[in-house]
Amino acid sequence: MTKTKTLKAVRETLLAGTLAFGMMGAVTAQLVLMQSPAFAEPVSVDAPAPVSFAPVVEKVKPAVVSVQVKSEIKAASNQQFGFGLDQFPGFRDLPEDHPFNRFFRRFGEQERQGERQQRERQPRKPRFAQSQGSGFFISEDGYVVTNNHVIENGSAVSITMDDGTELDAKVIGTDPRTDLALLKVDGGDRKFTYVAFAKGDSRVGDWVVAVGNPFGLGGTVTAGIISARGRDIGAGPYDDFIQIDAPVNKGNSGGPAFNSRGEVIGVNTAIFSPSGGNVGIAFAIPASTAETIISDLRDDGLVSRGWLGVQIQPITEDLADSLGLAGTEGALVADPTSGGPAEEAGIQAGDAITAVDGKSVKSTKDLSRRIAAYAPGSKVEVTLMRDGREQTITVELGNFPTSDRLAARSIPKPAVKKALEEFGMTVEPTEDGVGMMVTAVKPNGAAAEKGIAKGDVIFQIGREKVNTLKEIEAALEAEKERGRKKVLFGVKKANGGSGFTALSIG
């Protein structure tokens, strides 16, 4: 073989190899391009809706009752509409010998005398109003759950069962704060069909069946789903409602909302109704709350709740800035109750409570519910932020008071001192020497924008209690030295209540 032929053979071999590699590369690339991209599988749920609610309704309907309440109507006194001087404030200070004074006195006396004579001739017969609601048996011996607002102020209560039986009911106990009430009927040897509260939380989207007495019709069944949980509708300090879209109307109050197993997931309590009719938004007290409250009422007719003894308010972004907090979660102590558990443990106005027993506090309502869930006498670890530092204080909870205590306020003196003018207000010492009374507020000033009004009392600035002008100046200077852009003001309102607000500092 010649040299020329040898080179030619080598070139042909190399060309053949290149073509083969190129074709393989092309085939490989084609295979790669033909592969489909990988996607996550879509959600697939095998949860068919029930064909019928009839089996559930047949079981639970005998346990649901109509509640009838008789209330006495108290006639208004004619004196309220008479011509006494009290009805005309401008004439109260007339001289004794003034003609109008004599006229009003004589006319009013004649009216009262005529009223007395009318009562003597024909004694007034009591008049009664009838209202209705719903309820349900929770025991075979006749305990019935309903709403407090259904039986409130009633002079007589009775229930009508699904079979038409009417029985008198006795009120065992009520809890206005959660709007629950417990009744007891005596059926002799009769054992009543009853239902149980559901265990565990129901889920948004679960089926719900409402049975009750809308508009006095009795035994009405509606169905829907759970629309939301944890609703706060401003009904009370422990709002934690389930929202459902099952049609609920007047008269359904106190009735049960069932799941598909015939367990009570909530007690129907309120509706959202701009027009007065059903719009598919109703609220029910969760079974977990109702079961706890009803158990307390059944034991002794009362509900025992833990009591921290503080007035609290939400933490806004402005307040968080003035307190040096990273966020708005928690609850700000506006005023510890004098002699209450919090004050005795050392909790102060201006403290931001962030956790209870190591569990974060999200809001004021969250703190209220958490504390109320403890029994009186329980010791809890309260975590709080004070002066930018975290502290933990042990508090022995008290028993929630049964009545509110209001502090009396003296009439303010005329303004004689000025201070806080940079915030658009002037103040003077209070009569009792506690805090500084606001004597004037500029309409367009910073204080007015934050709701501070004449007659309010500034009791704290930053971390310092203030009772004099010098203390105000010192507190403001201390906040400036801390580098605060906003300063915290503790304010007791003239119409009652305390709270904090934040004002920008110059």
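**Reading rings, burial and cores in a predicted model**

K492 lies over the face of F459, at 5.6 Å from the ring centre.

User: What should I know about the model before reading it?

Analyst: This is a predicted model, in which local features need pLDDT of at least 70 and side-chain atom pairs count only at pLDDT 80 or more, while totals for chains, interfaces and linings use all residues. Residues are numbered from 1 along each chain as its sequence is written, and side-chain values use heavy atoms, with hydrogens and water left out.

User: When does a charge sit over a ring, and which residue lies over the face of Y143?

Analyst: NZ of Lys or CZ of Arg must be within 6 Å of the ring centre and within 35 degrees of the ring normal. K184 lies over the face of Y143, 5.5 Å from the ring centre.

User: How are two aromatic rings described?

Analyst: By the distance of the centres and the angle of the planes. Rings of Phe, Tyr and Trp (its six-membered ring) pair if their centres lie within 6.5 Å; planes under 30 degrees apart are stacked, over 60 edge-to-face, and the rest tilted. That rule gives six aromatic pairs. In one of them, the ring centres of F53 and W207 are 5.4 Å apart and the planes stand at 65 degrees, so this pair is edge-to-face. F53 is in the loop between helix 1 (3-34) and helix 2 (54-60), and W207 is in strand 7 (residues 207-212), 154 residues apart. Helices (H or I, at least four residues) and strands (E, at least two) are DSSP runs, numbered from the N terminus.

User: How is burial read, and how many residues of helix 8 are buried?

Analyst: Buried means under 20% relative accessible area, exposed over 50%, and partly exposed in between (1.4 Å probe, protein chains only). W207, at 35%, is partly exposed, whereas F241 and F283 are both buried. In helix 8 (residues 364-372), seven of nine residues are buried, including K365, D366 and R370.

User: What is a nonpolar core, and which residues have the most contacts inside the largest one?

Analyst: In soluble globular proteins, nonpolar side chains tend to be buried together. A nonpolar core is a set of buried Ala, Val, Leu, Ile, Met, Phe, Trp, Tyr and Cys residues joined through side-chain atoms within 4.5 Å. The largest here has 27 residues, and F136, I138, V145, L180, F197 and F258 have the most contacts inside it. Helix 5 (287-300) supplies the largest share, five residues. Apart from this core lies another, of 19 residues, among them L420, M436, A447 and I452.
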